[in-house]
Amino acid sequence: MTVGLVVVGHSRALAHASVALVQMMIHGSGVPITVAAGLDETTFGTDATAIADAIAAADQGQGVVVLMDLGSAVLSAELALDLIDDVVRDRVVLCPVVAAGNFFTS
Amino acid sequence: MYRGMKAVVAKLDEGVAGDLAAVCKQVATTLISSVGGAAGPLYGTLFLRMAPVLGANTAVDATTFAAAPRAGVDGVVARGRAELGDKTMIDALVPAGDALDAALSAGAGLPEALRQAADAAAAGRDATLPLVARKGRASYLGERSAGHLDPGAASSAMLIAAAATAAEGPAS
């Protein structure tokens, strides 16, 4: 079991491409990575309920690091913490990062 | 917000089973998953925090009702970490909550109290015009944000005006 990663962003395509690039470099590590980005395949935005689901899916009991871009991603991730189990919440760390390509959609 | 509220209206038109808390939670989750921008988690928090105050009731008195938006606005303030004068929805929501409480304390009925809240929200919205935004995306514009109404304050004023109109009932 390892710590899980959740990638939160405004663009689903950009988030999946970022994860694919990372997966190539951490091949076989077994780190669970889930994505909560965009409202759907083409609509930009963040959704706290989707982030809450992604945290639950990435959690193996060792904790989850949530990486998010700016703006509403931070607010949505904070709200997602209100929506998940207390036990899981205690092992979640929120980590805002700036993805250069994402900056203007945040 | 247009997208979010359209989704909420569609959801409510389908009929939401349950008590007032269930309705508030349904409105909140619909906004959270359909708005996309910062208004989603902020208005989502507003309705989520209203839910436990209204609780497992299908009707409440005016005093209990007024406590719900107060809890909601407190939640928005905590979530957004904005202060009055930052040029945000807080600038409409906080004076509206104050006006609602003051009107009810003075003995006004709920429709009248909500109308005064809507008037206070509109005044708060208008007062954002000359301000320089210190929170949210508008803050990226710095001085250039002065001279424009804050969109969050404007949407909040619309929301409270709609509540007042709904409380007044159909025009006779």
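Biologist: Happy to start with terms: what counts as a helix or a strand here?

Modeller: Helices are DSSP runs of H or I with at least four residues, and strands are runs of E with at least two. Both are numbered from the N terminus. Keep in mind that this is a predicted model.

Biologist: Thanks! How do the elements of chain B run from the N terminus on?

Modeller: Chain B has seven helices and zero strands. Read from the N terminus, its elements therefore go α-α-α-α-α-α-α.

Biologist: Which element gives the largest share of the side of chain B that touches chain A?

Modeller: Good one! The contact takes 15 residues from each of chain B and chain A. On the side of chain B, the elements giving two or more residues are H2 and helix H3 (39–54). The largest share, five residues, comes from H3(B).

Biologist: And how is H2(A) oriented relative to H2(B)?

Modeller: Helix H2 (residues 48–58) of chain A packs against helix H2 (residues 20–34) of chain B at an angle of about 85 degrees, with the axes 7 Å apart. Angles of 65 to 115 degrees count as roughly perpendicular. So H2(A) and H2(B) are roughly perpendicular.

Note on methods: Residues numbered from 1 in each chain as written. Chains lettered and ligands numbered in written order. Predicted model: local features only at pLDDT ≥ 70, side-chain atom pairs only at ≥ 80, totals over all residues. Axes fitted to C-alpha atoms, helices over the stretch in contact; angles between N-to-C directions. Parallel < 35°, antiparallel > 145°, perpendicular 65-115°, else oblique. Contact = placed C-beta atoms within 7 Å.
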